[in-house]
Amino acid sequence: MLLKRLFLSYPKAVNRLHQITHGGNNASPNFNIVPFDAILKQRDFSTDITHATEDGQKPVTVSLYQMKKIIKGSSSALGDCIEGATCIQTICPVCHIIPGGSDSKSPEKSITDGIRNRIFVNKTTGNFTCSSCQYQGRWDHIEKFFLPYSRSPKTVQELRKLRDAFLELKKEQMGAAYPMPGDIVALDTIENALNAIRQLQLENIFPETLIAVKACWHEGKKELFIPLVDVEDRPIGYKTIYTNSDGEICERTVPETNASGLIYLRCSTSGPSTKTKDHQSQSNAILVLNVPDLLALGSVKLNATAVCLPHGLKTLPQQCLPGLERFQRLTLWFNYDTAGWDTARNYAKKLDERRCLFVRPTDQHPTPYKAMQEGIVEPKAILAKALPILHQSITTFRSLRQDVLSDLQNIDKVQGVKWKRYPTLNKLLKGHRKGELTVLTGPTGCGKTTFMSDYSLDLAQQGVSTLWGSFEIRNTRLAVTLLRQMVGRPLDENLGEFEQWADTFERLPIYFMTFHGQQPIKLVMEAIEHAQYVHDIQHVIIDNLQFMMGVLDEAKHLDRYWKQDAIIAAFRTFATRRNCHVTLVIHPRKERDSDELTTSSIFGGAKASQEADNVLIIQDKRLTSVRGKKYLQVAKNRYSGDLGIMPLDFDKASLSYAQRKKKPEGGSDDGVPPSTNEEPVNHPMHRTIGRIL
């Protein structure tokens, strides 16, 4: 039933378009379904995207997420789709897929046509271009053909009729090719190319470049013809170069509007051709506006491909974007005037700013042909100064839009890795996330290192690669603590099990820095960055920060607070840029034992609490109160804002603060009855003691 409605939606959309075109704003909202024969006869159904604003149609609003979902949903029939910078590439579902087939197990029948069977869907507008037939249309015209082909015989038959009607329309609206005149001569020899260069007065142009672009010469008109090729390297138009009465070089493009072809020229390399240089020339492109600039780049030794746009500063048709998909970096080298600069920025938005560089439009950076004529600055030196159009420190919501959608759809993963030993932390912090800075503080001897080792072991057992920087205790002692926390009991009484547990611990992604005692921040940061690059570290623990304050002679002349702020700033920058979680253990100020610690109690200035995403404080009230407890306080939580406390019950046998699971009524977790030495919570003696206290 669903497929039947989809089948009928096509003529309905055509009829709607017909009424809007003829009825304007007063057209009736009720549309009738017309037969296929009537659809074929309607001349108002124009799928040419160049007339989208002329026939009164409103632009189609397309969701990139929906397009990707629909295309990937039919990947079993069409094959995998490739998402590029500006287009989504897949097999054309109309030209090369016939619904149904003789084999019931394979309901689709594919038509092989070499490599000329791709369709490019623009990620911004949804307009598509079929590389097989050069047909161009809107997303809503092709959308229904991407549905999975698991249909009944009746719906398959209806879909075939719909496909046949669509193919008839494609024949009428198919992109036209513009062949070059028949009385031209191909420039396939050096002598012929030199003759054309001499008559057009193209100074310093190598004749090999004319041969490379498959140029032709018309002796009678004294014109140079260079073909425009599409994404499949087929000629679909051309450019003509000639000199006017004043001796100026002029250029003309056929077709004059909406040409979908480009001119490609592989620049000469500085040495013998290698696979690396060939790869660079295929991934890097230099975009220019006219043929003389393209030919001038042919004489420069560059590992890049020069590309001439069809209409210069006038427009960059969407149909040209598939031909630029294979390049990872685009350098826009346009005229050095205001118009060229504005055009470069507008084109970059269409080409994806993240892969675009621009040559700054100044008099010191002329266009390639002019630079070669003047000989003041080498074109290669100008290209070396190309700058990114999109600054690496500035972004827009458009660039973040898909990441935001991904975060919302995978909210559990975004919240971070959950602790298994500390369910209360999961409720407060929501998880351990990359790119954050956590500060842990607490009074001396409260167990900060022991808690942090238990805290990190929980994450490491779930695959979070961890780098320990323990400047206060030796790595051997730290490893003993971690191993005992993993086993859950002291191994000195069970040495026969050491090898087994040691092998298990060795497989954990835990690494240790070999520093001990006072160390300079520069040396420590170099080790951390190296480990993060080599071992893909996700969690760095520094215990503790005061050991990096420095004891060198120059440190004596620096303020300790300023030194600490610089260290915290270095770790904050590292966490953000490398997307790595950093946990800093910092001692608090000396305060009265009866006072609770706060974020203001962290030693040093306010930068530690300001820069931190999470502030954890171990409060130890066992020595100041009869009923005093030790607990972990979440004093700052930038991600969710939830604050609270988590009781810390220390188990001396395992050296762990792991929260014990509540035992079910009538027994323990493992089925063993509760010990008779423990009295129930509601015992009369407990209530009496409580009232006395």
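This is a predicted model: local features need pLDDT of at least 70, side-chain atom pairs count only at pLDDT 80 or more; totals for chains, interfaces and linings use all residues.
What partners does the ring of Phe-451 have? One of them is Tyr-422: the two rings form a tilted aromatic pair, 5.5 Å from centre to centre and with 55° between the planes. Tyr-422 belongs to the loop between α15 (411-414) and α16 (423-429), whereas Phe-451 belongs to helix α17 (residues 448-460), so this pair ties together parts that are 29 residues apart in sequence. Both Tyr-422 and Phe-451 are buried.

Phe-451 also pairs with Tyr-455. Phe-451 and Tyr-455 are both in helix α17, four residues apart, which is about one turn of the helix. Tyr-455 counts as buried as well, with 2% relative accessibility.

Ring pairs link Trp-419, Tyr-422, Phe-451, Tyr-455, Phe-650 and Tyr-657 into a cluster. The count of aromatic pairs comes to eight.

The charged end of Arg-433 is placed over the ring of Tyr-639, at 3.9 Å from its centre. Likewise, the charged end of Arg-326 lies over the ring of Tyr-264, at 4.7 Å from its centre.

I turn now to the sheet. In what order do its strands run? It is an open sheet of eight strands with mixed pairing, and the order is β21-β20-β22-β23-β19-β24-β25-β26. At the edges stand β21 (510-512) and β26 (644-647); each has a single partner strand, so one side of each is left without a neighbour in the sheet. From one strand to the next, the twist averages 20°.

Within this sheet, strand β20 (residues 466-470) pairs with strand β22 (residues 539-543) in the parallel sense, over five bridges. In that pairing, Trp-468 stands opposite Ile-541 in β22. Helix α18 (residues 475-487) packs on the sheet and touches β20 and β21, and its direction makes about 130° with that of β20.

Let us look at one residue of the sheet in detail. Gln-619 has its place in strand β24 (residues 614-620). Is Gln-619 buried or exposed? Gln-619 is buried, with a relative accessible area of 2%. Its side chain reaches the backbone oxygen of Leu-597 at 2.7 Å. Leaving aside residues up to four places away in sequence, Gln-619 touches Glu-596, Leu-597, Lys-629, Lys-630, Tyr-631 and Gln-633.

Finally, I come to two hairpins that share strand β11. Strand β10 (residues 223-229) and strand β11 (residues 235-243) pair in the antiparallel sense over six bridges, and Leu-224 stands opposite Ile-241 in β11. Five residues lie between the strands of this hairpin, and Asp-233 takes a positive phi near 65°.

Strand β11 is also joined by six bridges to strand β12 (residues 249-254), and the two run antiparallel. Thr-240 stands opposite Arg-252 in β12. This hairpin too has five residues between its strands, and Gly-247 in the turn has a positive phi of about 85°.

Thank you for your attention.

Definitions and conventions
Residues are numbered from 1 along each chain as its sequence is written. Side-chain values use heavy atoms; hydrogens and water are left out. Rings of Phe, Tyr and Trp (its six-membered ring) pair if their centres lie within 6.5 Å; planes under 30 degrees apart count as stacked, over 60 as edge-to-face and the rest as tilted. Buried means under 20% relative accessible area, exposed over 50%, partly exposed in between (1.4 Å probe, protein chains only). A charge sits over a ring if NZ of Lys or CZ of Arg is within 6 Å of the ring centre and within 35 degrees of the ring normal. Two strands pair if DSSP finds at least two bridges between them. Axes are lines fitted to C-alpha atoms, for helices over the stretch in contact, and angles run from 0 to 180 degrees between N-to-C directions. Contact means heavy atoms within 4.5 Å. A polar contact is a pair of N or O atoms within 3.5 Å; within protein, one must be able to donate a hydrogen and the other to accept it, and residues adjacent in sequence count only if both atoms are side-chain atoms.
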